[in-house]
Amino acid sequence: MQYESLFDSFVVMIALIGAAIWFRQKNVIQAEEQGVFARLVTDFALPALIFANLSREPFNLNNLKLAFAIFVSIALVMVVAWMVGQWMRLERPVLGSVVLVSGVGSTSTLGYSLVHGMFGENTEVMSQLVIMGEVGVVLPLFTFGVAIASYFGTDVENGPDVFDATKTFVRSPIFIAFVLGVLVSSFDLAPDHKVMDLLTSVLRIASDSLTFLVAFTIGLMLRPISFRKIAWLLLLVCGLKLILEPTIAAAFATVLGLTEFQKDMLIIEAAMPSGALAAVIAARYGCDAATASALLIATYAVGLFAIPIVGLIAL
C-alpha cells in the first residue's frame, strides 16, 4: 500500500517536472527563474509545512531517533565516499564535493513532497518527518558539512566560517518556522478558534504548493550534461547515495525498533538524490563546483528511476 502511494506521488512529481521542462522549452518560464522557484520553496512553502505540522503535534523526544538514524547513515556514507575517493586519488576539491553530495540528500524538498503525498494531512507523520530532516540533516549540514567543505576546499579564506554559516541558517525562515512550531506545540490552542482556523487554512494552502514548486525547480534545473568526464564519479555517488544510504537506514530502522511508517519515512528520505544545499556549500567553500553541480543533476536524473525501485524493494 505504501509503495502504491509512493508510486502515485512520483507519477505526479514526474508529470509536473515534465510540464516545467515543456514550459521552459516554450519560453513560458526561463531557466534563470529557477532561483525564484527555489526561494519560494525555502522561504514560503517549506516553512509553512514545517510550522503547520510541528505546531499541531506535541514535540516528542522519541522522534529524535529518526534524526539520529539518518544522521549516522549520512555520516557512514560520507566516510565510505572519502575512503573510495582516496583510493581513486581524487584531488582535494573534487573529493570534498564527492563526499558532500554522496551523503546529503534532498530531504527537505523532494523528500518532504513525496512523503506529504503519501501520508497527506497526517500531522504525526509529518511532524516526525520535519524533526528528522531539520535535526538529522539540515542542521548538521550547516555545521559539520561546512567544516568538511572548508577542510577540502581551496578557497577557504574567501568564504565564511562555520559560525557564519550556522548564523545564516538560524536566521532562515526554515529554522524560525521549526522553532516557532515546537514552541506553539507546547500550548493547548483550540483548533476551532477562528484565528487558528484561518491560520491553518493559509498554512495548508502554502504547504500544498510545495510539490508544485519543488517539481518546477527540478524541471528548470535539469538539462543535458556530458557524463564522460564524470562517469566513474557518477557511478560512485549514485551507488552510495541511492543504494547504500537507504540500505544503511533500513538496518538502523530495524536496530532501533522503529514502527513501520517510521521505517518507510527513513528509507524514502535516505534514498533521495543529492541535495542542492550540499552542492552550494561545496562550491561556496572552494570545493569543485562544476563536479558538485554535475553530480547533483545526475543523481536527480537517476533518482527519478531509482527511487521507485528502492520503494518497491523496501516498502
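Which residues form a nonpolar patch on the surface? Keep that in mind while you get your bearings, and remember that what you have open is a predicted model.

**Stop 1: the whole chain**

Start with a cartoon view of everything. Read from the N terminus, the elements go α-α-α-α-α-α-α-α-α-α-α-α-α-α. The chain has 315 residues, and 51% of them count as buried. Now think about who touches whom: among contacts with a separation of 6 or more, 87% are between residues 24 or more positions apart.

**Stop 2: the patch**

Back to the opening question. Select Ile176, Val179, Leu180 and Leu183: these four make up the nonpolar patch, and together they have about 310 Å² of accessible area. Zoom in on Ile176, which you'll find in helix H8, residues 173–185. Is Ile176 buried, exposed or partly exposed? Its relative accessible area is 40%, so it counts as partly exposed.

**Stop 3: the core**

Now hide the surface and head inside. In soluble globular proteins, nonpolar side chains tend to be buried together. Here, the largest nonpolar core has 95 residues, and Ile50 and Leu266 have the most contacts inside it. Select Ile50 and look at what surrounds it. Leaving out residues up to four places away in sequence, Ile50 touches Tyr112, Val130, Glu134, Ile174, Ala177 and Phe178.

**Stop 4: a serine in helix H4**

Next, pick Ser97, in helix H4 (residues 92–103).

**Stop 5: the cysteines**

Cys287 is buried, at 7% relative accessible area. Now select Cys238, which is buried as well, with a relative accessibility of 10%. How many disulfides does the structure hold? The count is zero.

**Stop 6: the salt bridge**

Jump to helix H11, residues 231–256, and select Glu245 and Lys241. These two form a salt bridge, with their closest N and O atoms 3.4 Å apart. The structure holds one salt bridge, so this is the one to look at. Why can they pair up along the helix? Glu245 and Lys241 are four residues apart, so about one helical turn separates them. Check the surface again here: both Glu245 and Lys241 are buried.

**Stop 7**

Finish with the backbone. Most residues other than glycine have a negative phi. Select Asn27, in the loop between helix H1 (2–25) and helix H2 (34–55). Asn27 isn't a glycine, yet its phi is positive, about 65°. Asn27 is exposed, with 52% relative accessibility.

Then move to Arg89, in the loop between helix H3 (64–87) and H4. Arg89 has a positive phi too, near 60°, and is likewise a residue other than glycine. Is Arg89 buried or exposed? At 77% relative accessibility, Arg89 counts as exposed.

How values were computed:
Residues are numbered from 1 along each chain as its sequence is written. This is a predicted model: local features need pLDDT of at least 70, side-chain atom pairs count only at pLDDT 80 or more; totals for chains, interfaces and linings use all residues. Side-chain values use heavy atoms; hydrogens and water are left out. Patches are made of residues with over 30% relative accessible area and no salt bridge: like charges are joined within 9 Å, nonpolar side chains (Val, Leu, Ile, Met, Phe, Trp, Tyr) within 5 Å. Accessible areas come from the Shrake-Rupley method with a 1.4 Å probe; for residues, only the protein chains shown count as cover. A salt bridge is a side-chain nitrogen of Lys or Arg within 4 Å of a carboxyl oxygen of Asp or Glu. Helices (H or I, at least four residues) and strands (E, at least two) are DSSP runs, numbered from the N terminus. Buried means under 20% relative accessible area, exposed over 50%, partly exposed in between (1.4 Å probe, protein chains only). A disulfide is a pair of cysteine sulfur atoms within 2.5 Å. Contact means heavy atoms within 4.5 Å. A nonpolar core is a set of buried Ala, Val, Leu, Ile, Met, Phe, Trp, Tyr and Cys residues joined through side-chain atoms within 4.5 Å.
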